[in-house]
Amino acid sequence: MPKRIPKSKPKSKPKLEPEVKKKMKSVGIDMKPETRSATFLQMDQDVKAVSSFYSGVEMLSIRQVLEKYEWVEDYFWKAVKRDQDEYTKEVDVEDVNGYFIRALPNAKVEFPVEACLYLRSPKKQKVHNLIIAEENSELNIISGCTSHPGVTSGMHLGISEFYVKKNAKITFTMIHSWEHNIEVRPRSVAIVEDNGVFISNYVLMNPVKLVQMYPTAYLTGEGAKAIFSSIIVALENSVVDAGSRVVLRGKNSSAEILSRTISKGGIIYARGHIVGEAPNTKGHLECRGLMLSDEGVIHAIPELEAKYPNVDLSHEAAIGKIAEEEIFYLMSRGLSRDEATAAIIRGFMDIEIKGLPEYLKREIDKAIEMVEKDLF
Amino acid sequence: MDTLRVVNLGVKVDGKKILEHVNLYVQKGQTYALFGPNGSGKSSLLMTLIGNPAFKVFDGRIMFKGKDVTSLPTDERVKMGMGMSFQTPPKVSGVKLIDVLKYCAKIGGYEEKKIYEFAEMLKMRDFLYRSVNLGFSGGEVKRSELLQLMLMNPEFVMLDEPDSGVDLENMVVIGEAINKLLERDKKEGKRKRSGLIITHQGHILDYVDADYGLILYKGRIACIGNPYDILKQISKNGYEGCLKRCLREFQNLNQNLNQNLNQK
């Protein structure tokens, strides 16, 4: 079990204005070493803080690590392709920055690593992250991406490459909070080896111009497992095109994709894709949508693809409004109409994810609580 | 004093009349068993009394504790002391039973620790942190409904088939809970709670003694009498046989019903 490094303090503690702190808090970033195992903060292209408080967890900026370890070349741009699209090409530049997180073999750290990508000025933020969980290790990450209040335009481009080695587990929770005119295009790929587990959670509840992403996990190892879950609220003038894809390449590998989408005037494409390519693989895809306004669109596009006979793939998708019968039922227990509606929406967003560490569950709940009062 | 007074009530669902000229008086401290064939409007009557917005009152009114509640929303009626257990309540995904129970306890004026006491009694402790009704068996739904009612501690208790699909062992638990709810364990003059219980087979009457039985037939209250007599008649002669006998013996019941039966 890795130990906290005695008297460890952030190497450089950046001075942050209260409004910055508030925004960071809304995406799960505490900047408190007591509750985190490592911390990282990048504003635009500059790294403002990078430190690890635990032996067993390495936290560096991507620029630092490219200088430090030659072997990093074996991972850098190996899961995501440089020329995948125009946005990956744009990130393939000198002034790119980002974080490198690595759990050493057998290191199981309960406290999460936090990483914040902060868009301070109205330009393009280019990020490249590399996350490695070595054999038998366990890594919990909160990645909060947000923009400065009043930054009305800008773009966030982020490459994330995950490597989950044998018997390792990564739980990655990404919370986004942007503004009306910001465009966001993450490109993420995870490669999961034998009996590795990759859990990815995504929360978006604030306005945004566009989020477009299709994170993909390749389960190359035997018995590997991936769970993707997302909670997405699209407000007026927001377009969210978000999917999750799992390619089952290892024998006995399995996948679960869950999404809860709410349109309050915005447009949502809720995509999901499971590909079964190996014997005895199993995948389930579940997308549920809730329409809260006469405007807006939820378009659920679940896809299943079998390339091998012995696969078990299934999906369920359902979109609707809040059932009047449920509101009435709760009112018969003394809730007012508004209280009943809020309870049902809150319940709708409450996804139960098996294996999700308590710490991360709490951060997700907090992120939802902070904004739901203003939303519904 | 009347707890409930339903005057000439007419109800539509989706524009279709399902209850008409329903008159009903429920006195303080008394419990009524409500019988009637499938589709006669029993559940609709309870839904209307508690204020389900899908059930539109087009005629008459509902008086509760001397106040006209016909157009009050459900939560207001509940705050005044009405309470109902549903035959097939909706599953509310993500809304935990415990959270619903906290609201119920607030209505009933109980502290939160009472939730655990009652949950123990109704064998529902393992369900507190589960989504309400989601994946509950038939008997579990009934116990969950009664648990919610016990915490709400209503003056007027409506139960929609609390006994359907319940095994014998659970029947004892449910019977006890209902007796407590309706204060049937107290002496007749001491009872303040009133009840209206829908039952098909009458099983619940083996555990809870009702003061009166009513038959709802084709959208109207057609017969009032001793609940055990009525049950015996129904099982012997069917609803129509029971009503014919009722009409012979109680001439004062309305003519329309008589005609209805004779036309058949």
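Predicted model: local features only at pLDDT ≥ 70, side-chain atom pairs only at ≥ 80, totals over all residues.
Let me begin with a term.

Start with chain A. Domain 1 of chain A puts 25 residues into the contact, and domain 2 of chain A puts in 17.

Which strands supply the domain 1 side of chain A? Five of chain A each give at least two residues: β7 (138–147), β9 (169–177), β11 (197–204), β14 (225–235) and β16 (254–264). Now sort that side by class.

Next, chain A as a whole. Chain A holds 6 helices and 20 strands. Its C-alpha atoms fill a box of roughly 60 × 55 × 40 Å along the principal axes. Is chain A compact or extended? Check the radius of gyration. A compact globule of 376 residues would have a value near 21 Å, and chain A has 20 Å, so the two agree. Of those 376 residues, 53% count as buried. Now take contacts in chain A between residues at least 6 apart in sequence. Among these, 83% join residues at least 24 apart.

Chain A also meets chain B. Here 19 residues of chain A are in contact with 24 residues of chain B. On the chain A side, the elements giving two or more residues are α4 (324–331) and α5 (337–349) of chain A. That side of chain A divides into 9 nonpolar, 4 polar and 6 charged residues.

Over to chain B. Look for an open sheet of 4 strands in chain B, with the order β2-β1-β4-β5 and antiparallel pairing. Which strands stand at the edges? They are β2 (16–27) and β5 (67–68) of chain B. Each has a single partner strand, so one side of each has no neighbour in the sheet.

Zoom in on one pair. Strand β1 of chain B, residues 2–13, runs antiparallel to β2(B), with 8 bridges. Within that pairing, find Val6(B): opposite Val6(B), in β2(B), stands Leu24(B). Helix α1 of chain B, residues 42–50, touches β1, β2 and β4 (56–64) of chain B. The direction of α1(B) makes about 70 degrees with that of β2(B).

Last stop: two asparagines. First, some background. Most residues other than glycine have a negative phi. Asn133(B) has a positive phi of about 70 degrees, and it is not a glycine. Asn133(B) sits in the loop between β8 (131–132) and α5 (138–152) of chain B. Asn153(B) also has a positive phi, about 50 degrees. Asn153(B) lies in the loop between α5 and β9 (156–160) of chain B.

Buried or partly exposed? Count C-beta neighbours inside 10 Å. Asn133(B) has 22, and 20 or more makes a residue buried, so Asn133(B) counts as buried. Asn153(B) has 19, so Asn153(B) counts as partly exposed.

Methods. Residues numbered from 1 in each chain as written. Chains lettered and ligands numbered in written order. Pairing = 2+ DSSP bridges. Contact = placed C-beta atoms within 7 Å. Axes fitted to C-alpha atoms, helices over the stretch in contact; angles between N-to-C directions. Rg over C-alpha atoms; globule rule 2.2 N^0.38 Å. Buried ≥ 20, exposed ≤ 12 C-beta atoms within 10 Å, placed from the backbone. Nonpolar A, V, L, I, M, F, W, Y, C, P; charged D, E, K, R; others polar.
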